[in-house]
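Please look through the sequence and the structure below before reading on. The briefing that follows takes up helices and strands by topic.

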Amino acid sequence: MLLPLFLFGVLAVTAILIPVGASIAQSRTQELQLQRGAALQQIVQLASSAFELEDSRELEHYLDRFSATFGEAVIVVDGTGEPVTASGSFADEHDVSDLISGALRGVPQRDLATVTPWSPRSAFIAAPVTLDGRTPEGAVALRVDQQAAQRDVAAGWATIVAIGAALLFAVLLASVFWTRWVLRPVSALDAAANALAENRGYALDADAGPPELRRLARSFTRMARSVELTLDQQHGLVADASHQLRNPLAAIRLRIDGFAHGLSHGMTHGVSHGSDEADEGRDAEIAAIERDLDRLEHTVARMLMLANAEHRATAAGSGHGAAASEASPLPTADGLITVSAAHLIAPHSELLADARITVLAAEETHPIRFRRSDLEEVVELVADNAAKYAPGSTFRVELARRDDRRTALIMSDSGPGLATAEIALVGRRFWRSAAHAQLPGSGLGLAIVEQLSHANNAQVIIDRPPAGGLRITVTAEAR
């Protein structure tokens with residue numbers, strides 16, 4: 001806004017000053033022209049008397065006093081162009097000759113060009129000398145010194161330029177204050193939007209700036225409150241649901257454990273509660289209930305992990321602020337870790353071995369900007385998926401430098417993999433392939449992997465390797 005306002009001010013001031021400057025030059029030129037025109041007419045009258053009386057002494061005396069006073073040259077010629085008397089010298093005789101010739105033909109030249117600081121220092125005017133009022137008997141030429149007029153014009157122009165500069169400064173100052181007044185609510189809205197994205201508090205003055213922006217600030221405040229309320233309700237729902245689920249789950253588990261312990265104690269003391277077949281059926285039911293409880297507890301834990309990962313990914317996506325720095329690694333050496341693929345997969349070797357999976361991982365270390373706990377969690381989730389859905393396959397873990405700026409963590413298995421249409425669905429909450437519907441799992445593992453990666457400013461690509469199976473590539477910064 002400031003630049004257009006200032007340019008408009010410059011154009012407005014210029015449009016005012018140019019006519020004023022032209023008026024100053026024209027006024028001073030007209031004044032000089034009237035003065036020298038009157039002097040020229042006086043000399044013409046004296047020359048007429050000198051021609052008529054054939055006595056030029058008074059004329060010569062006047063010309064001497066005129067030249068001494070004004071420092072300007074004057075020449076009087078007769079009808080043939082021969083000089084009668086003169087005072088001072090003419091620098092350009094050619095211009096004077098042309099003017100005298102015109103005057104002898106009865107064409108006077110009393111007009112001066114508009115005086116400017118860069119005009120010639122001298123100008124010439126001329127008039128015919130007549131005795132009968134018709135036939136020129138001679139001519140008078142006057143060299144006009146324009147230096148004083150040039151100085152006056154320059155001083156006038158300097159004054160209006162100073163006034164123009166003061167006006168421009170006033171326009172600029174007013175534009176700055178106007179722009180700040182108009183844009184203050186916009187800056188406040190920007191700060192409030194960033195604070196809202198980073199889950200920080202903000203103060204927004206809804207009574208500053210133009211009426212339109214005031215309405216916008218009030219609308220933003222209502223929207224922000226609605227968003228904050230929705231986020232709080234969502235977060236509270238997840239926390240309350242998890243809390244409420246954990247309590248009955250724990251109570252049910254305690255009751256089942258007590259019930260199973262009571263059955264075992266009764267059988268130890270010879271108490272019979274039914275046939276052996278009935279006892280075996282009851283034990284199977286209890287085992288099934290315990291497995292369902294384990295599954296529910298696993299799902300609740302994964303939901304909490306996903307909610308935390310999504311919150312951190314959203315904060316990191318804001319790009320700046322305290323929440324972003326807490327959610328993602330700092331852009332310093334503290335956020336840069338150096339690990340190897342073998343080190344990352346080592347804690348899960350027993351799990352993979354139980355699933356008859358061959359692990360291939362190199363010992364070579366590479367730098368990667370990733371929170372160590374998040375990176376270990378990502379590897380654990382992918383390894384758990386491989387153990388459940390690709391038993392008996394080969395699981396390969398690699399750390400490779402993409403370039404000077406990025407490092408990729410590549411995890412792939414040689415299991416049955418997924419159909420092409422299903423790969424696009426991987427990462428959705430609670431989505432599971434139809435082929436895995438009977439296997440234990442929550443459908444949240446790869447969704448958590450993606451959110452943890454986003455919280456560390458990393459990208460995730462899920463595809464099928466050339467040898468089949470499933471491949472997950474996490475690419476993060478390496479410096």
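Which residues of helix 10 are buried? The buried residues of helix 10 are D374, L375, V378, V379, L381, V382, A383, D384, N385, A386, A387 and Y389, where buried means under 20% relative accessible area, exposed means over 50%, and partly exposed lies in between, with a 1.4 Å probe and protein chains only. This is a predicted model, in which local features need pLDDT of at least 70 and side-chain atom pairs count only at pLDDT 80 or more, while totals for chains, interfaces and linings use all residues. Residues are numbered from 1 along each chain as its sequence is written, and side-chain values use heavy atoms, with hydrogens and water left out. Helices (H or I, at least four residues) and strands (E, at least two) are DSSP runs, numbered from the N terminus.

- An open sheet of 4 strands has the order 2-1-4-3 with antiparallel pairing, and two strands count as paired if DSSP finds at least two bridges between them.
- Strand 2 (83-87) and strand 3 (122-130) are at the edges with a single partner strand each, so one side of each has no neighbour in the sheet.
- From one strand to the next the twist averages 10°, with axes taken as lines fitted to C-alpha atoms, for helices over the stretch in contact, and angles running from 0 to 180 degrees between N-to-C directions.
- Strand 1 (residues 74-78) pairs with strand 2 in the antiparallel sense over 4 bridges, and P83 in strand 2 is the bridge partner of V77.

**Helices on the sheet**

- Helix 1 (residues 2-53) lies across strand 1, strand 2, strand 3 and strand 4 (136-145), and runs at about 35° to strand 3.
- Helix 2 (residues 57-70) packs on the sheet and touches strand 1, strand 2 and strand 4, its direction making about 30° with that of strand 2; contact means heavy atoms within 4.5 Å.

- The buried residues of helix 2 are L59, Y62, L63, F66 and S67.
- These residues cover an arc of only 130° around the axis, which puts them on the same side of helix 2, the arc being that of the directions from the helix axis to the C-beta atoms.
- On the other side of helix 2, R57, E58, A68 and T69 are exposed.

**Strands 5 and 7**

- Strand 5 (residues 336-340) and strand 7 run antiparallel and are joined by 5 bridges, with S340 standing opposite T365 in strand 7.
- Because 4 of the 5 residues of strand 7 (residues 365-369) are buried, this strand is largely enclosed by the rest of the structure.
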